[in-house]
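Me: Got a model open here. Can you walk me through a few spots?

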Amino acid sequence: MTKPLWIKHAAQLATLASDTQGPRSQQAMSDLGIVEDGSLWIEDGIIQAVGTTTALEKKYAERAHEAEIVDATGRLVTPGLVDPHTHVVYGGSREREFEMRLEGTSYMDIMTAGGGIHATMHMTREASEEELIQQATRRLDLFLVHGVTTVEGKSGYGMNLETELKQLRVMKKLQEVHAIDLVPTFMGAHAVPAEYKGQEDAFVDVLINDMLPAIAEEKLAVFNDVFCEKGVFTPEQSERVLEAGKRYGLIPKIHADEIESYGGAELAAKVGAVSAEHLLKASDEGIQAMAKSGTIACLLPATALYLREEAAAGRKMIDAGVAVAISTDCNPGSSPTTSMPLVMNLACISMRLTPAEALTAATYNAACAIKCEDKVGSLEQGKQGDVVLWDAKSYQEIQYFFGVNHVKSVWKKGEQVV
């Protein structure tokens, strides 16, 4: 039997515990539930007690000899980070396109010419399940090193039934063997494949009539996502796909208003999406609609940086009452990174989130964006023992000293993985 884990004497134990239920917005995003000289007792993978070291020493005095004790003196302890938007399973890479963009070619021009998502689609279609597992395992290992213990993963690099099923089956296998919890999203509506150019509505019919039933039958996904963008899927087509997914029990998500304001945020609110992603060009009306509907804004500042675009208006969204989460958007074309610490830095620098808001956005709100807040995202009795020990004394320090991975140790369900 595994020993209990007892983490003691944390300079700051940022529990993210709160009386607020559901995703946090406005002032609630700054409440980190900090315990000074904090302590955690984890047993059988589950947090049993959280409090001051003094309190837990009294509670567990007779069992101290049973535990593996970690001295966190002078260091920060937080929940494991949660990445609520990734494309972590794909074939190949696209470093040449990075160079092309630096030479002046736009992201959409590359995609229109057969690069971008289409290039990864071809490489993913050609890759075997074993090759995809090998490549994705390396990325998941890197996520762990950066303090991430739960990851959402999207399909969408197949855009045909065979490859969409292959990507989701790979995620299912990785969930069984990798330390990270991997939450699957079906995103067959990531782009319109070349064979359906000019027949976009026909491809939407394929998504609805062929792909969604097959995904649902094998229970391969929790969410259904669509790229609502000019030149990809219209709001009307996106609504058809998302409403069809709801009939199969798939929760809607939406890539919205990334390139231009296109009504994606408004559509997210209309269909009851748990989250809308990107939102660089979201309208004021869309932001207000999301605040009213409770749709989480999942913002991707590393993507904006990589594409040299102005980041989403995170400060405006929080002030308007929208709950904000943040993510790497790990993908081969517009954000090839696994560093959630960097994303937290960028959330502060480019979107004007405070350090406390950035940590909430990367933990509890991120967990809410993938419906996992009952298990992860905060350090509370009864939740998984997903914990990060940082080589920093405070949550402010990990945002202030940016571009550095301050992660010292990581535990997943009470087992040390980094």
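Me: Which residue caps the N-terminal end of α13?
Reply: Serine 339 does: one of its side-chain oxygens lies 3.1 Å from the backbone nitrogen of leucine 342. Helices here are DSSP runs of H or I, at least four residues, and strands are runs of E, at least two, numbered from the N terminus. This is a predicted model, where local features need pLDDT of at least 70, side-chain atom pairs count only at pLDDT 80 or more, and totals for chains, interfaces and linings use all residues. Residues are numbered from 1 along each chain as its sequence is written, and side-chain values use heavy atoms, with hydrogens and water left out.

Me: What follows α13?
Reply: Arginine 352, with a positive phi near 65°.

Me: And why is α13 largely enclosed?
Reply: Nine of its twelve residues (340-351) are buried, so the rest of the structure largely encloses α13. Buried means under 20% relative accessible area (1.4 Å probe, protein chains only). Among them are Met340, Leu346 and Met351.

Me: Switching to strands. How many residues of β7 are buried?
Reply: Seven of seven, residues 148-154.

Me: Which strands does β7 pair with?
Reply: β6 (residues 81-83) runs parallel to β7, joined by three bridges. β8 (residues 181-189) is also parallel to β7, over five bridges. Pairing takes at least two DSSP bridges.

Me: Which residues are bridge partners there?
Reply: Aspartate 83 partners valine 151 in β7. Glutamate 152 partners valine 183 in β8.

Methods: Buried means under 20% relative accessible area, exposed over 50%, partly exposed in between (1.4 Å probe, protein chains only). A polar contact is a pair of N or O atoms within 3.5 Å; within protein, one must be able to donate a hydrogen and the other to accept it, and residues adjacent in sequence count only if both atoms are side-chain atoms.
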